[in-house]
Amino acid sequence: MQVDTLTSIKVFRQVVESGSFVAAAERLDLSTAMVSKHVMHAEKRLGVRLLNRNSRTLSLTEPGRVYFERCKTILEDLETTELELGSLGAAPRGTLRITCPSWFDGQRVADLLAEFRRRCPEIVLDVSFEDRLVDLVEEGCDVAMRLTAHPDSLPAGFIARPVRSVQFYMGGSRAYLKRKGTPKVPASLADHDCVAVGTADTWILIGPTGKVEVTPRVVMRYRSMSGVANAVAAGIGLAPLPALFFEDPVFKDVLTPVMTEYPIREPTLYLVYLSRKYLPLKIRAFVDFILETISKVPPPKATVISIRS
């Protein structure tokens, strides 16, 4: 009887992963004798012993370990190729659940998602805007858009694709700056009321000579960046804000950046998704779209408005 080499490779891999000929036979719906024949065929063809076996245990020989790793790679590449070929011509579809920071809910991101929908009309977007760290597995989310200056804070075991750095500037309302004056250097912040995000007690600014760490005089804390922007717009104090807030239709006539030669340390926007052997088309389409599109979008400009006391 002719023995197929590719089938023997698949059988050998299953024997190793199952830990026995009997278990492999059950999973492959073959007889134990046939499983044994495939392994012996591989050993005969290669001219080496792949497995040490006795009545109770199996273990890989050194050549067997090398062969097993190569077999895994070959079979996974084959499976991936078959999946990709099978999806050619298929449109990405289904519901794509995305979680983003709360302040991504403005027009700029809405326009971006609208363009994605035009390209992939069979995908339904389910987007949540929140500042807590969503557990993608437990809550069934497909992709998270996370902003951090510390990549090691991203969840282990996930893919994290860097998209771009995001500019932050110190900002205040025009009414507040007219009342309290405009700070020129980081040390001036000691004379100003400040609004903080969460429990932040220090801010790191990047000046002409490097990093400058300041301890703001915090008079109010918010747990969301949108809340901070609204508090600053209300004239409560100064705060570091994403540059896009200064051109947002809601805030552009109220907020103005200050000390733009001292930008806040720029965090990076990441796309985070579960590492899967086969990435669903809907996730691949979204990741590719964001990486392609945002790289072409110019960063928001923080234009300083002259404030007269």
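Predicted model: local features only at pLDDT ≥ 70, side-chain atom pairs only at ≥ 80, totals over all residues.
Local features require pLDDT of at least 70 and side-chain atom pairs pLDDT 80 or more, whereas totals for chains, interfaces and linings use all residues. Residues are numbered from 1 along each chain as its sequence is written, and side-chain values use heavy atoms, with hydrogens and water left out.

**View 1. The largest pocket and its lining.** The volume of the largest pocket is about 1200 Å³. (On a 1 Å grid over the protein atoms alone, a pocket is an open set of points where a 1.4 Å probe fits, with protein on both sides within 12 Å along at least five of seven lines; lining residues have an atom within 4 Å of a point.) Its lining comprises 37 residues, of which Leu147, Thr148, Val197, Met225 and Pro267 are the closest to the centre. Strand S5 gives the most to this lining, with five residues.

**View 2. Threonine 61 in a loop.** Threonine 61 lies in the loop between strand S2 (58-60) and helix H4 (62-87); helices (H or I, at least four residues) and strands (E, at least two) are DSSP runs, numbered from the N terminus. The residue is buried, at 10% relative accessible area (buried is under 20%, exposed over 50%, partly exposed in between; 1.4 Å probe, protein chains only). Its side chain reaches the backbone nitrogen of glycine 64 at 3.0 Å.

**View 3. Histidine 41 in helix H3.** Helix H3 (residues 32-46) contains histidine 41, which is partly exposed, with a relative accessible area of 22%. The C-alpha atoms of histidine 41 and aspartate 4 are separated by 9.1 Å, although the two are 37 residues apart along the chain.

Technical notes. Points joined across faces, edges and corners; volume = space filled by probe spheres on them. Polar contact = N/O pair within 3.5 Å; in protein donor to acceptor, adjacent residues only side chain to side chain.
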